[in-house]
Amino acid sequence: MSASFCAFPGNEDFARRLRVGLAAGATRLQWRRFPDGESYLRFEDSPAGLHLAIVCSLNEPDSKAQALLFAAATARELGAASVGLVAPYLGYMRQDKRFRDGEAVTSALFAAQLSAAFDWLVTVDAHLHRRRLLAEIYSIPSSDVSAAAGISQWIRANVERPLVVGPDSESERWAAAVAGGAGAPHITLRKVRSGDREVRIEAPDLTAWRGRTPVLVDDIISTGRTMAAAVRLLAAAGFAAPACVGVHGVFAGDALEVLRAAGASRIVTSNSIAQQTGTIDVSASVAQAVEVMLSHVRSEK
Ligand code: R5P
């Protein structure tokens, strides 16, 4: 049975790269909004008999998740042999704990919804902090592809005498992996967040790293406040303007302007979310992970 990719809006380029990499087909989906905001969905190509992979990066997940669940269920009704999800950016991974009484632990709730709708999931650098594995919340086979090698390669090609800097303790594992691949040292700063857009960064003694070019590395750039505060701190400490590298360029609201105004020399992300900054292509690694998922579902049918 053949594999086919169905791109949600904004994911066409990523889906095309996967199709080319895996010599798979394309299944077109029409999605439009009725005047009242409800979704109209129609498969323009039949998914019957196909191992279908829907490609949908889940930034701004509330605007997409309902249509995504409808699309997966419809593909099954129309006879798809299996329905997988490629979400290069997987949203709702940060609220992984009830910090205050009464809060929704949305990472687990979202995982339950997607697990009920899809046969498998492939994503890139999921924000696993208090949880170690996607399998702790996703009950379907899942694969978490790392963008570290691509980021290391970008640093080697673009930055002389780099110092990889993780802006907070949560970025430590990305910073360490990237620094290892780039053959560069790395340090981690300390972050205190007092609100969605209120961030304070503190640094250890940086004297030993003078003369190096800082490259800030984090998994997500959302409001940009974490990176911006780190850029300002490093500039005040006498370093050259840092490059900012995020795996996922979410760029909520004025994030890009804030980051540029803080003095970032370059802002680079992977193409997990379609953004102009997305020069680090992770589609080849994602295609490999998808191939593994497809071979599992094929062996089961
Ligand atoms: C922390 O949870 C993440 O690793 C990032 O540091 C965080 O998401 C960045 O958020 P913002 O860009 O809104 O400061």
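Buried means under 20% relative accessible area, exposed over 50%, and partly exposed in between (1.4 Å probe, protein chains only). This is a predicted model, in which local features need pLDDT of at least 70, side-chain atom pairs count only at pLDDT 80 or more, and totals for chains, interfaces and linings use all residues. Residues are numbered from 1 along each chain as its sequence is written, and side-chain values use heavy atoms, with hydrogens and water left out.

**Cysteines**
- C6 is buried, at 0% relative accessibility.
- C56 is buried too, with a relative accessible area of 0%.
- A disulfide is a covalent bond between the sulfur atoms of two cysteines.
- The cut-off used here is a pair of cysteine sulfur atoms within 2.5 Å.
- The closest cysteine sulfur to that of C6 is in C56, 9.5 Å away, so the two are too far apart for a bond.
- The count of disulfides is zero.

**T269**
- T269 lies in strand β15, residues 266-270. Strands (E, at least two residues) and helices (H or I, at least four) are DSSP runs, numbered from the N terminus.
- T269 is buried, with a relative accessible area of 0%.
- A polar atom of the T269 side chain lies 3.5 Å from the backbone nitrogen of G278.
- T269 has contacts (heavy atoms within 4.5 Å) with residues including I221, H248, F251 and I280, not counting residues up to four places away in sequence.

How values were computed. Polar contact = N/O pair within 3.5 Å; in protein donor to acceptor, adjacent residues only side chain to side chain.
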